[in-house]
Amino acid sequence: MSEKILNIAVIGGSGLAQKHAEGIIKDPRANLYAICDIDPERASALAEKVGCTKVLTDYRELVNDDELDAVVLVTPDQVHAEHTCAFLNAGKHVLCEKPMALSMEECEQMLKAEKEGTGRLMVGQIGRCTPAFALTKRLIAKGRIGELMFVESEYAHNYGKARGYKDWRLDPRRHIVIGGGCHAVDFLRWIAGDPEEVYAYSTHKVLTDWPTDDTTIAIMKFPGNIAGKVFVSSGCKRGYTMRSCFYGTKGTIICDNTSDHIQIFEDNEDEGRKYTKAANIPVEINNHNAFEEIRQFVEAIVTGEPMPISALEGAHDVAVCAAIVEAAAKGHPIKVKYPKV
Ligand SMILES: NC(=O)c1ccc[n+]([C@@H]2O[C@H](COP(=O)([O-])OP(=O)(O)OC[C@H]3O[C@@H](n4cnc5c(N)ncnc54)[C@H](O)[C@@H]3O)[C@@H](O)[C@H]2O)c1
């Protein structure tokens with residue numbers, strides 16, 4: 001008997017939505033069922049580019065469509081919770097772009113909708129599909145650099161004109177720590193676990209016409225006595241990358257999401273002389289691996305296995321980011337309030 005092909009719709013009509021649509025087209029277990037964008041021109045333009053004939057402007061027309069199995073939400077952060085809950089309540093599976101939502105209240109609504117229904121939720125923390133980061137995770141898990149003592153990551157961008165459709169990125173609730181910093185926080189949490197407490201300083205010197213601070217440094221303590229640091233900026237005058245360092249008792253890994261290699265430094269000994277050996281390990285450059293993200297989403301639906309980047313993982317990222325914003329505003333350390341599931 002032939003396997004069922006999953007009908008998946010993409011909500012949103014941006015260049016990023018196109019990558020997701022192409023990921024669906026490439027996966028033999030999936031069919032690009034529809035493109036939906038509130039703006040008819042953007043919906044039609046993307047549908048034409050990717051050869052999709054079902055085009056909509058109101059996501060609610062899809063919610064109760066019996067033919068639809070799943071959706072990929074590539075919409076502004078402010079509507080993630082509303083759209084996710086609507087589709088989950090109708091039993092559809094959802095891949096929601098990061099950040100999962102802008103507040104813990106919204107994350108909890110989404111967790112509840114998933115818990116009470118049959119649809120499952122994956123959060124698009126794309127760093128977990130980035131080849132350099134996945135390799136780093138595997139090497140650390142194998143013990144190549146020993147026990148971790150300090151981990152750091154960053155999300156450093158020049159947002160200048162990247163305001164989003166109708167300036168949605170300028171909403172003060174869309175603090176850059178939550179909207180972009182969730183990538184760096186997620187990478188550290190993926191490797192080192194959930195920090196208990198955070199402290200942060202932030203400044204506002206570059207994007208002065210934006211409502212929130214543009215640059216933040218946060219420090220935190222991870223389980224197992226691992227110190228951590230996150231740097232987030234939307235006003236950096238440099239190329240985008242997520243430079244990250246993992247310092248262990250036996251070695252160090254330096255990696256990012258825009259280079260063709262990661263660097264590893266390891267203890268070594270030759271003829272009785274101890275020294276640190278440096279090596280580059282080649283990786284594919286792919287800082288938005290939508291194909292892999294869609295492949296993992298489809299795989300989890302087809303096999304019934306847990307979503308690889310679960311709703312709880314996405315909610316924990318938002319919890320840490322919200323604590324960072326609060327710590328910087330209040331000037332004292334903040335305990336992270338993880339959702340009670
Ligand atoms: N994973 C990553 O690295 C990454 C990178 C960029 C953006 N994102 C995330 O992807 C999402 C979309 O970002 P973007 O850069 O594509 O934004 P964008 O502003 O370029 O596009 C958003 C699209 O959503 C449409 N839209 C708005 N409200 C809608 C609604 N109610 N129903 C249907 N369509 C609606 C708009 O018309 C627009 O076409 C955001 O959550 C953002 O944080 C993730």
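Where does Asp167 lie? Keep that in mind as you go through these points.

1. First, some ground rules. This is a predicted model, where local features need pLDDT of at least 70, side-chain atom pairs count only at pLDDT 80 or more, and totals for chains, interfaces and linings use all residues. Residues are numbered from 1 along each chain as its sequence is written.

2. Back to the question: Asp167 sits in the loop between strand 7 and helix 7. Helices (H or I, at least four residues) and strands (E, at least two) are DSSP runs, numbered from the N terminus. Asp167 isn't a glycine, yet its phi is positive, about 60°. Lys166 lies in that loop between strand 7 and helix 7 (176–179), and has a positive phi of about 55° although it is not a glycine. Most residues other than glycine have a negative phi.

3. Buried or exposed, what is Asp167? Asp167 counts as exposed because it has 10 other C-beta atoms within 10 Å. The cut-offs: buried is 20 or more other C-beta atoms within 10 Å, exposed is 12 or fewer, and partly exposed is in between, with C-beta atoms placed from the backbone.

4. Now look at the open sheet: nine strands, in the order 14-13-12-11-7-10-9-8-15, with mixed pairing. Strands pair if DSSP finds at least two bridges between them. At the edges are strand 14 (273–282) and strand 15 (334–335), each pairing on one side only. Strand 8 (residues 197–203) and strand 9 (residues 215–222) run antiparallel, joined by six bridges, and Ser202 stands opposite Thr216 in strand 9.

5. Finally, check the peptide bond between Lys98 and Pro99: it's cis, with omega about -15°. Pro99 is in the loop between strand 5 (93–97) and helix 5 (104–116).
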